[in-house]
Each structure stands twice: as structure tokens, then as C-alpha cells.
Amino acid sequence: MIELSSKKVGESVTVTVDFALLTPNPTSPEFLVKHLRGVADPTPSAMVGTAPFITSSTLVSCLISGGVVGATYAIEVWV
């Protein structure tokens, strides 16, 4: 789980995860954003801005955007 709390609402960030310790060839990556604490966000999953993509042999990335001021989010990633 990745914790995201310092992102500004209008800002987009690319989150990249290295799966080298788990698999040499990640496939079908998925990102899920959940509200963790703070100001409520009824649609945290809408923050996933692009389809996740494999950026190298073990790196997986996704653009995260939007959100609510004062909310902290958990980003779960799996392959």
C-alpha cells in the first residue's frame, strides 16, 4: 500500500511501483485508490487517471489525479 496525502487537488502524479522482488515480468497491472482518512471522498477510485502501464521489465506506473482537499488516500497496486 502506498499512502498519498500531499498531492494537491489539481495536480497529477505518476505513481511507479517496482515488482522486481515479486516477479520478473509483471502482467495486467491494476491500481486501486481508497479513502484512508480525513475529509470524505465519495469516489476515490476516480483518481486513477490512466490505465496502468508497464514502464520496464519490473516497473508499473499509473497517473493519479483529482481527489479532495484534506483527504489521505491508500493506493493498492497488484499484477
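Is Val 68 buried, exposed or partly exposed? Val 68 is partly exposed, at 26% relative accessible area; more on this residue in point 7.

1. **Ground rules.** This is a predicted model, in which local features need pLDDT of at least 70 and side-chain atom pairs count only at pLDDT 80 or more, while totals for chains, interfaces and linings use all residues. Residues are numbered from 1 along each chain as its sequence is written, and side-chain values use heavy atoms, with hydrogens and water left out.

2. **The overall picture.** The protein chain has six strands and zero helices, so you can read it as β-β-β-β-β-β along the sequence. Both kinds of element are DSSP runs numbered from the N terminus: helices are H or I with at least four residues, strands are E with at least two. With a radius of gyration of 13 Å, close to the 12 Å that the globule rule gives for 79 residues, the chain is as compact as a globular protein of that length. That radius is taken over C-alpha atoms, and the globule rule is 2.2 Å times the number of residues to the power 0.38. The C-alpha trace spans about 40 × 20 × 20 Å along its principal axes.

3. Of the 79 residues, 32% are buried. Here buried means under 20% relative accessible area, exposed means over 50%, and partly exposed is in between (1.4 Å probe, protein chains only). The chain exposes about 4,600 Å², and carbon and sulfur atoms supply 57% of that; the areas come from the Shrake-Rupley method with a 1.4 Å probe, and for residues only the protein chains shown count as cover. A contact means heavy atoms within 4.5 Å.

4. **The open sheet.** Look for three strands in the order β2-β5-β4, with antiparallel pairing. Strands β2 (12–18) and β4 (53–54) stand at the edges with a single partner strand each, so one side of each has no neighbour in the sheet. Two strands count as paired if DSSP finds at least two bridges between them. Between β2 and β5 (residues 59–65) there are seven bridges, and Val 13 has Ile 64 in β5 as its bridge partner.

5. **Strand β6 and its partners.** Now turn to β6 (residues 71–78). This strand is mostly covered, with six of its eight residues buried.

6. **Salt bridges.** How many salt bridges are there? The count is two, taking a salt bridge as a side-chain nitrogen of Lys or Arg within 4 Å of a carboxyl oxygen of Asp or Glu. One joins Glu 3 and Arg 37 at 2.6 Å, N to O. Glu 3 lies in β1 (residues 2–4) and Arg 37 in β3 (residues 30–38), so this pair ties together parts that are 34 residues apart in sequence. Glu 3 is partly exposed at 41%, and Arg 37 is partly exposed at 44%. Another joins Lys 34 and Glu 76 at 3.3 Å, N to O. That pair links β3 with β6 across 42 residues. Lys 34 has a relative accessible area of 37% and Glu 76 has 26%, which makes each of them partly exposed.

7. **Two loop residues worth a look.** Glu 11 sits in the loop between β1 and β2 and is partly exposed at 31% relative accessibility. Its side chain reaches the backbone nitrogen of Lys 8 at 2.9 Å. Leaving aside neighbours within four places in sequence, Glu 11 is in contact with Ser 6, Ile 64, Ser 65 and Gly 66. Glu 11 and Gly 66 are 55 residues apart in sequence, yet 7.0 Å apart in space, C-alpha to C-alpha. Back to Val 68, which lies in the loop between β5 and β6. With neighbours within four places again left aside, Val 68 is in contact with Val 9, Val 39, Ala 40, Asp 41 and Tyr 73. Val 68 and Pro 42 are 26 residues apart in sequence and 9.4 Å apart in space, C-alpha to C-alpha.

Terms used: Polar contact = N/O pair within 3.5 Å; in protein donor to acceptor, adjacent residues only side chain to side chain.
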